[in-house]
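Hi,

Here is the structure we talked about handing over. Please look through it first; my notes follow below.

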Amino acid sequence: MNETECEDLIKSVKWTEPSNLISLAILEFINVLVIGGNLLVIAAVFCSNKLRSVTNFFIVNLAVADLLVGLAVLPFSATWEVFKVWIFGDVWCRIWLAVDVWMCTASILNLCAISLDRYVAVTRPVTYPSIMSTKRAKSLIAGIWVLSFVICFPPLVGWKDQKMPFGMDDTTLVSSSKFDLKETQRETERETATATATATATATGTGTTSTLALPCPWKCELTNDRGYVLYSALGSFYIPMFVMLFFYWRIYRAAVRTTRAINQGFKTTKALNILNNNNNSNNNEF
C-alpha cells in the first residue's frame, strides 16, 4: 500500500454510516454476552463447593480465556472489522494481535485438556481420582498458558514479515527469472529510492536530514510469514484438533463397548430368569 492509498483509507471511512453503527452495536452486544456468560460460569464454580471438581477447573480455565478475549480482543476487533481501519496505535496493535493469538490458543488447548479429562474418566473410572488429581490438573492448566504464550510470542521478538513502506507494492519486486542479477539490483535500487516515504528526520542544529520508510498506520494485521503461519496453525489448530478427535474417538469406542456389555448382561440375566422360571414350573408339576 502506497502513501496515497494509506491516506485515502482513513479518509474513506464512513464513521456515521447507519449500517456501520448498527453492525458495531450488534458486535458489541455479542461481546457483552460473551463477557457476562463467562463471568456467570466462573462465579457459579467459585460460589458452589459441589462444583469444584477437576473437570470444572478446566471449564473455569476455558471461561477465563474466553473472558479475556471478550475484554481485550473483541471490542477492538469489532471496530477493525466494521470500519476496516486501525485507530488504536501501532503499540497496541502488536499487543492486541499477540493477546488475540494467546487467548484463542489457550481456549483451544483447554478443550484438549477437557477431552483428555473425559477420556480418563470414561476409560479408567476407578483410578481416575488418582490419575487426574487436583495438583496434576493445576499443572496441566499452567502448561496450557505457557504453551499458548510460546505460540503467540515469536512475532513480538521479530518473527514477522517486513512491512512494505509507502509506495512499495508487490509489483515493484522484479523476478530474477526474467532479469539477471545486476539488472535486478539496479531496478530494486531505483524503485526503492523513488518509493521511500517522504517523512524526514532533521537532526537538531545540523540541518542534516534522513529519509524514513514507514508502514501505513491504519492497518493492523498478523504477520503473513509462511514459517510463522505454519507454526501457529499447527500449534493453535491442527494438532489440538487431531488430539481432540483421537480422545473423543476413544471415548466413543469405550462407550460402545460398555453399551454392548450392558446389553449382553441384560440378555444373560433375562435368559437365566426364563430358565429359572421353567425349572420352577417343572418342579411344581411334580
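**Annotated regions and a helix pair**

An unreviewed UniProt entry lists residues 21-46, 58-83, 95-116, 137-157 and 228-249 under "transmembrane region". Keep in mind that the model is predicted.

I checked two of the listed stretches against the model. Residues 21-46 are 100% helix and 0% strand. The end C-alpha atoms of that stretch lie 37 Å apart. Residues 58-83 come out at 96% helix, again with 0% strand. Here the end C-alpha atoms are 36 Å apart.

Next, a helix pair. Helix α3 covers residues 54-72, and helix α5 covers residues 90-123. The two pack with their axes 9 Å apart, at an angle of about 160°. Angles over 145 degrees count as roughly antiparallel, so α3 and α5 are roughly antiparallel to each other. Their crossing is left-handed. What residues make up the contact of α3 with α5? There are 17 nonpolar, 4 polar and 3 charged.

Is N110 buried or exposed? Its relative accessibility is 0%. Buried means under 20%, so N110 counts as buried.

Which residues does N110 touch, leaving out those up to four places away in sequence? The list is F58, N61, L62, A65 and I144.

Best wishes

Terms used
Residues numbered from 1 in each chain as written. Predicted model: local features only at pLDDT ≥ 70, side-chain atom pairs only at ≥ 80, totals over all residues. Heavy atoms only, no water. Axes fitted to C-alpha atoms, helices over the stretch in contact; angles between N-to-C directions. Helix = DSSP H or I, 4+ residues; strand = E, 2+ residues; numbered from the N terminus. Parallel < 35°, antiparallel > 145°, perpendicular 65-115°, else oblique. Left-handed = near helix turned anticlockwise from the far one by under 90°. Nonpolar A, V, L, I, M, F, W, Y, C, P; charged D, E, K, R; others polar. Buried < 20%, exposed > 50% of the residue type's maximum accessible area, 1.4 Å probe, protein only. Contact = heavy atoms within 4.5 Å. UniProt positions renumbered as here; feature names shortened; annotations may be inferred.
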